[in-house]
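Welcome! Take a look at it before reading on.

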Amino acid sequence: MDTAQNQSKTPRAATPAIKTAAIKVEKIVKRYGDFEAVKGVDFEVADGEIFGLLGPNGAGKSTLIRMMTTLIPITAGRALIGGRDVSKEPNAVRNLIGVIPQALTSDIDLTVEENLSIYAKLYSVPRAIREKNIAEVLEAVDLTKWRGAQTKTLSGGMRRRLEIARGLVHNPQIFFLDEPTTGLDPVSRIAVWEMLNNLKKTRNLTMLLTTHYMEEADRLCDRIAIVDHGTLVALDTPVGLKQSVPGSDVVEVRFNREDDQWMERLRALASVTDVQSQSAGVYRVLTSNGSQTTTQLVEMASRLGEQLTSLSVQNTSLDDVFVHYTGRQLRDEQVKHVFSMPRKGEM
Amino acid sequence: MNRFLAIVEREMRKFFRSPMLMIMSMMLPLVQLLVLGHAYGGHIQGAKIAVVDQDRGPQAVKVHEAFDSVAVNIATFTTIPYTDEYTAREDVRTGKVDAAVIIPPQYSRRVYANDAPRIALVVDNSDQVMSGALEGEMQSLVDALNQPVIPDRVVKQVALQIVELYPYVEYMKYLLAGSITLAMYISVMIGGGMLYIDDKARGVHEGYLVTPISKLELVMGLNFAGAIKAVLAGICLTAIGSLMAGLGIIFNPLADLYLLLLILGTSIAFNGMMFLMMVRVDDPLVPRAMFGVLNTLLFFPSGAISPVSAFPKWLQCIAVVDPFTYAVHGLKSILLKDGGFVSIQWDLLYLFVFGFGTLLIATPLFKRTL
C-alpha cells in the first residue's frame, strides 16, 4: 500500500502572498532529448527566506538548482533571480548569487585564503574590499585561524564551511546550496545548520537549498517544496506540510507474531487514516487521534489473545510527509536513466 | 582581466605547490635522452669475428695484420681463429661470434695473378646495426688492401671529398631537440589535458561557471597557464639537456632568444592542439588513453629520432601537419647549427599559426554551461 498513490498530487498553494520575490520560477521545464527532467515547475521565494527543495534521488532538485544558477540552459518557462531573467541576463544573475555545489570543489593544494581570494577575483571584488570580505566570511564560518592552512589539511566539515565562505566572498543576495551537509558527520552537520541560521540573520540572505535530510529541512527552512518526477507535489511551511498528511499522530506497534489479517484489522480502527507495514509484525499507524488508537490497539490485542511487544506514539514528521507525497519505491531505475542523458548531472 | 588572471593564478599556484607535474614532465625525456643518446650514439666496439684462414699465404698474413691493427686501435672487433668454415658459420648463426671472415684457398695466388681475389664475410643480418657496422669496417679494410703499394703519380680515380659544416654531432645532441619537445608535450598533456578533465570531473569548472567569468577569459586563462607550464618545462630541459649533451650554444644570448621563441611557439601550438582535442571531453580516462597514442603518432614521425625523409609517404604526410616536426626542426637548427632567425622563421610561423588557429576553433566549442 502506498499512501502517496492514494492521495492527490496537486501541490498545496504557497502560504502567504510574497511581497518581494527574490526567486521566481515560472513553468520551468528541462528536457534531455525525450526525457523531461523538470516538468513545468512554479514557485516563488521571498526575500530573506530559507526555502528547501526536498525530493528523492532523480526527482529533479539539482536540475532545478542548476537552471536557476545558469549552469544549464532552461528548455522552457523562465526563472527570475533578484528580478533578473536567468536566460536573458545570466551575468547579472551570477553577480547576485552565491552557489555551493554538492561536491567539495575547493582546491586542496591552495590555502583557505587563496581559495577565497581567487573566487573574489573571479567576481571582480575590488582589492580594497577583498581583504575585508575574506576576513568577514572567515569569521562567519569560524575558519579565521585556519586562514593560512592548506585546504587538504582540513576536515570534511571545515572544507564544507570553506565552500560556504567561498560562496559568500562577493556578498551575494541569494544563496543556493545543493545538499550542503551530505557526507558530514552529525556534529559537523549541526554546526553547518547553526552557521546557515546565523548567516540568514546577520546578512539577510535568501537561501534555496536542496537536501535529503528531513531534519535539516525541518530545522532550517521557512518553506519546503517537495519535488518528485520533475514536478512540484507539495509546497508549504514544515508545519503546514505535516498537517497536510492525513493523521496527525503516528503509532508504531509491534505484535509478537506476523498475521496477514493485521493490516485489515488496523485499517478498520476508528480515526486511522493509513497503515504502513515496516517489517514482520511491525506497523506504522497514521491516526488523527493517537490516544484513542492506542487504547483500541491494546483492547484489540487483548480480545484476540495476542501480545503487543512494543507501542509508541509520535507526531507526524517530515519523513511521513516525504513518504506520503513521493511514495516508497526506489528510484534507481530513474537515476540510471538520467545518467544516460547527454549531461551527466544528478537530478 | 582580473578574472583571466585569477584563473592563471590558481593554475600556477597549484603547479608550484605540486612539483610532481614538473618532475614527471621532464623525467621521461631526460631518461630517453640519457639512454637513447648513449645507446645509439656510440661506435660498435669489441665485436667478435671468426677468421677461417684456408690460404695461409703472404697475402692472408696482410689481412691478419690489418685485423690486428683494427683490434688494437679503434677496437671495432677482435678476431678468433677458426679451423673450419662450417663451425664458423654455425657460430655466427647461434650468436657465439658476430661475423666470420673466410680467406679461401689460393687467395694469395689470386692476388698476385690479379685473378679476382675474394674474402668472404658471413654476417648475421637479423641485426642490421651490427652487420652494417662490420660490413662498413671490412669494406674500408679491403679498400686499404686494394691501394697500390706505390701510388700512381697521376690519380685517375674519382674521389669524394666530404666537407662537414659542423663539428661531429653525437646522437645525444641530435636527440636533444626531440627531448625538449617531448617534455613540453608531456607537460601540456598532464598539466593541460589530464588536469583540465580531472578538474571538470571534480566540479571545479562548475565553480567557475557560476561566476561572471566570460568564455574567452576562461579559455584564455586555462591556455595561458598551460603555456607557462610548458615553457618552464621546455626551458628546464633545454638547460639540463644541453649541459648533459655538451652543447655550449645555450651560453649565446641571441641563440637563447631564438630558443625561447621556439619554446613559446611550441607551447602555444601544443596547448591549442590539446585544448581542441579535450574541449568536449568529460571522461578522465580519455586523455590517459590518448597519451601513448598521441605520443607515438606525433613524436616519432617528427624527425626527432631519425630524419623525416627516411619515412614512408604516409608518415611524411603526418609529419607535414605535426607541430612536433616544426618544433624539432627549429630547435635542431639553433642547438646544432646556430642557424639564426632565418633557419627558424617558417617553423615559428607554423607553430604560432597552428597554436592560435586551434584555439580559435576550440573557443566556440567550449561550453559555458554544463
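Chain A splits into domain 1 (9-243) and domain 2 (246-315), with bounds that come from an automatic or database domain assignment. The centres of these two domains of chain A, taken over C-alpha atoms, are 41 Å apart. Please keep in mind that this is a predicted model, in which local features need pLDDT of at least 70, side-chain atom pairs count only at pLDDT 80 or more, and totals for chains, interfaces and linings use all residues. Residues are numbered from 1 along each chain as its sequence is written, while chains are lettered from A and ligands numbered from 1 in the order in which they are written.

Now to the meeting of the chains. Contact (C-beta atoms, placed from the backbone, within 7 Å) links 25 residues of chain A with 23 residues of chain B. On the chain A side, α3 (90-96) and α4 (112-122) each give two or more residues, and α4(A) has the largest share, four residues.

Chain B holds an open sheet of four strands in the order β2-β1-β3-β4, with mixed pairing; strands pair if DSSP finds at least two bridges between them. Helices (H or I, at least four residues) and strands (E, at least two) are DSSP runs, numbered from the N terminus.

| Helix | Strands of chain B | Angle |
|---|---|---|
| α3(B) (58-72) | touches β1, β2 and β3 | about 140° with β2(B) |
| α6(B) (128-146) | lies across β1, β2, β3 and β4 | about 165° to β4(B) |

Angles run from 0 to 180 degrees between N-to-C directions, with axes fitted to C-alpha atoms, for helices over the stretch in contact.

Conventions:
Two residues are in contact if their C-beta atoms, placed from the backbone, lie within 7 Å.
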